[in-house]
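Please read these notes with the model open beside you. They go point by point.

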Amino acid sequence: MNTQENIPKPVLLIECMAIYIGYLNNEGVAAHKVKLRTTSHIKDVERFFRYFCLSLKENKIDHTLITIHQLNEKAVALLHNYIVDVLNYKNKTYNKFIGTMRQFINWLIEKRDYQLKNHFIGVSRRSVVIDKTIVSKSEFKKLLSVLDPEKGMKAYATGGRKNFYRSWLSKAFRLALETGLRREEFMSIKF
């Protein structure tokens with residue numbers, strides 16, 4: 001029986017990373033513990049691992065020889081500098097990168113019983129500013145002003161015409177804006 005517990009316990013960082021990628025791909029995972037992950041998520045983790053190795057390599061540290069027990073605050077600082085100075089990642093991607101590394105080390109500690117300290121836990125999240133203004137008031141008024149029956153007609157090259165105008169459309173736009181519901185939620189409103 002090939003389960004997660006039967007996989008050897010390597011000490012090299014790159015071997016631990018390889019086993020984690022295998023785990024994300026459900027290799028050697030018991031059937032009742034299988035989790036479906038998107039390909040893009042797994043590719044992100046692989047990319048973050050590659051960049052972590054590059055951050056070590058740029059500082060003349062052989063990433064192929066470093067053990068998982070040699071990870072320390074210095075390695076985290078090197079990664080931080082690489083993300084900010086070399087990759088120029090924005091705060092949201094920075095947080096995702098550090099979060100992925102934190103999850104990786106936590107996985108080693110919790111699921112693989114490594115006796116490690118997770119140095120990524122102390123890294124502060126960077127603030128992410130999200131502009132929640134979707135449409136300004138003037139833009140919304142312009143949208144409502146162009147809704148009229150004449151502009152709702154479409155003429156086709158075959159000579160046919162179709163009317164896309166609906167008298168309730170402006171009220172629906174206003175209701176959607178004022179309720180703040182997501183599209184799926186708005187479309188399932190019952191009256």
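Which helices each supply at least two residues of the lining of the second largest pocket?

1. They are α5 (137-145) and α6 (169-179). The largest share, three residues, comes from α6. Helices are DSSP runs of H or I with at least four residues, strands are E runs of at least two, and both are numbered from the N terminus.

2. This is a predicted model, in which local features need pLDDT of at least 70 and side-chain atom pairs count only at pLDDT 80 or more, while totals for chains, interfaces and linings use all residues. Residues are numbered from 1 along each chain as its sequence is written, and side-chain values use heavy atoms, with hydrogens and water left out.

3. The second largest pocket holds about 200 Å³ of space. On a 1 Å grid over the protein atoms alone, a pocket is an open set of points with protein on both sides within 12 Å along at least five of seven lines, and a lining residue has an atom within 4 Å of a point. Grid points are joined across faces, edges and corners, and the volume is the space filled by probe spheres set on them. Among the lining residues are Ile134, Phe140, Phe173 and Gly180. By class, eight are nonpolar, one is polar and none is charged. Here Ala, Val, Leu, Ile, Met, Phe, Trp, Tyr, Cys and Pro count as nonpolar, Asp, Glu, Lys and Arg as charged, and the others, Gly among them, as polar.

4. There is one cavity of 30 Å³ or more. A cavity is a set of grid points where a 1.4 Å probe fits but cannot get out. The residues lining the largest cavity include Tyr94, Gly99, Arg102 and Arg125. That lining has three nonpolar, three polar and two charged residues.

5. Seven helices and two strands make up the list of elements, and their order from the N terminus is α-α-α-α-α-β-β-α-α. The protein is more spread out than a compact globule, because its radius of gyration is 26 Å, well over the 16 Å that the globule rule gives for 191 residues. The radius is taken over C-alpha atoms, and the rule is 2.2 Å times the number of residues to the power 0.38.

6. His63 sits in the loop between α2 (39-58) and α3 (73-86). His63 counts as buried because its relative accessibility is 18%; buried means under 20% relative accessible area, with a 1.4 Å probe and protein chains only. Leaving aside residues up to four places away in sequence, His63 touches Ile14, Cys53, Leu56 and Lys57, where contact means heavy atoms within 4.5 Å.

Conventions: Buried < 20%, exposed > 50% of the residue type's maximum accessible area, 1.4 Å probe, protein only.
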